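This report describes a protein model for a reader who is new to structural analysis. Please keep the sequence and the structure in view while reading.

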Amino acid sequence: MSDPSVEDWPGDPWDQRVASALSFLRRRLSGQYEVDEFGFDPELTDHVFYPILRRLYRDWFRTEVFGLEHLPDDGAGLVVGNHSGTVAMDALMLSIAVHDEHPKARHLRLLGADLVFRVPVLSELTRKSGGTVACNPDAERLLRGGELVGVFPEGFKGVGKHYRDRYKLQRFGRGGFVSAALRTGTPIVPVAIVGAEEIYPILGDLKPLARLLKLPYFPVTPTFPWLGPLGLVPLPSKWLIEFCPPIPTADLVDHADDPMVIFNLADQVRETIQQTLHRLLEKRPDPFGR
């Protein structure tokens, strides 16, 4: 939501920034902003969340993006990516890539694990930034509403895998994402992300501590927990993101409950991402180079 008085504000850039910030605060305090049925707050996302993440995306990870022409300009699309990196930083960077690099500046509506929505503050932030629970009913509602939806079928198996298994895709579960795409006739856009594996390389997993804290894993990396809070700073790896040609599903709507069709499509998506990862790794011989 733009404010015409800010766009026409005279003076230097700092005057405009101050005026824009004051206008933003005025709208927030007066409740003049929109939130959708899932809790998504696009204004807060664009003005607060994205500027913070953008610094990591551009300056720290030096991200390059390929294949943007494979993302739809409008209408629904199911973006399916590999998952890694100890924390879900790849999902956040993918959101920035879609918004900042796509000509229509689209928002990617991420599907997250139940654990994310059981943590009070994290749950609120995730909802406000456009995320929702990774379940078929929510995914189908978003897709029928013409949204771009992002899903990571590896789940915690991908995020928590050891560094020795980097860029080896884990099992894709039962293919629920394929079922959601089939039921809505939505094209599936595979995406390969290189770079996240190196930000927090997992060397070990303290399983007793993970069970105590009710976490899927408790990572040991070269910097965490040895350096305390400093160990939470991600290493500055070079990121490459490539969107692959979409896989159409409109002619398979009647097969949404066919296990064989679901399995074959999920396997096709997985193999596409795996092969693209191999190609991107050849393009990026130095994980921390420019």
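**Domains and their interface**

The protein is divided into domain 1 (35-199 + 237-283) and domain 2 (202-233), with bounds that come from an automatic or database domain assignment. The C-alpha centres of domain 1 and domain 2 lie 25 Å apart. Nine residues from domain 1 and nine residues from domain 2 take part in the contact, where contact means heavy atoms within 4.5 Å.

The model is predicted: local features need pLDDT of at least 70, side-chain atom pairs count only at pLDDT 80 or more, and totals for chains, interfaces and linings use all residues. Residues are numbered from 1 along each chain as its sequence is written, and side-chain values use heavy atoms, with hydrogens and water left out.

The size of an interface is often given as the accessible area lost when the parts come together. Domain 1 and domain 2 bury about 760 Å² between them, 65% of it on carbon and sulfur atoms. Buried area here is the accessible area (1.4 Å probe) that two parts lose on being put together, summed over both. On the side of domain 1 that touches domain 2, five residues are nonpolar, three are polar and one is charged. In this division, Ala, Val, Leu, Ile, Met, Phe, Trp, Tyr, Cys and Pro count as nonpolar, Asp, Glu, Lys and Arg as charged, and the others, Gly among them, as polar.

How many salt bridges does the rule find across the interface of domain 1 and domain 2? The number is zero, a salt bridge being a side-chain nitrogen of Lys or Arg within 4 Å of a carboxyl oxygen of Asp or Glu. Two residue pairs between domain 1 and domain 2 are in polar contact, both at pLDDT 80 or more. A polar contact is a pair of N or O atoms within 3.5 Å; within protein, one must be able to donate a hydrogen and the other to accept it, and residues adjacent in sequence count only if both atoms are side-chain atoms.

**Salt bridges**

By this rule the count comes to 15 salt bridges. The table presents examples.

| Pair | Closest N to O distance |
|---|---|
| Asp36 and Arg109 | 3.0 Å |
| Arg183 and Glu140 | 3.7 Å |

Helices (H or I, at least four residues) and strands (E, at least two) are DSSP runs, numbered from the N terminus. Asp36 is partly exposed, at 29% relative accessible area, whereas Arg109 is buried, at 1%. Buried means under 20% relative accessible area, exposed over 50%, and partly exposed in between (1.4 Å probe, protein chains only).

Asp59 and Arg55 both belong to helix H3, where they are four residues apart, about one turn of the helix. Asp59 is partly exposed at 46%, and Arg55 is exposed at 56%.

Arg183 forms a salt bridge with Glu140. Arg183 lies in helix H8 and Glu140 in helix H6, so the pair ties together parts that are 43 residues apart in sequence. Arg183 is partly exposed at 33%, while Glu140 is buried at 12%. A network of salt bridges links Glu140, Arg144, Arg183 and Asp257.

Helix H8 (residues 176-184) has the buried residues Phe177, Val178, Ser179, Ala180, Ala181 and Leu182. The buried residues of H8 pack against strand S2 (77-81), helix H6 (136-144), strand S5 (148-151), strand S6 (188-194) and helix H10 (259-283). Gly185, which follows H8, has a positive phi near 65°.

Lys238 is found in the loop between strand S8 (219-220) and strand S9 (240-243). Lys238 counts as buried, at 5% relative accessibility, and its side chain reaches the backbone oxygen of Arg62 at 2.7 Å. Leaving aside neighbours within four places in sequence, Lys238 has contacts that include Phe61, Glu64, Val194 and Pro287.

**Backbone features in loops**

Pro225 also lies in the loop between S8 and S9, and the peptide bond from Phe224 to Pro225 is cis, with omega near 5°. Thr86, a residue other than glycine, has a positive phi near 75°; Thr86 is in the loop between S2 and helix H4 (89-101) and is buried at 10%. Tyr167 has a positive phi near 60°, lies in the loop between helix H7 (156-159) and H8, and is buried at 5%.
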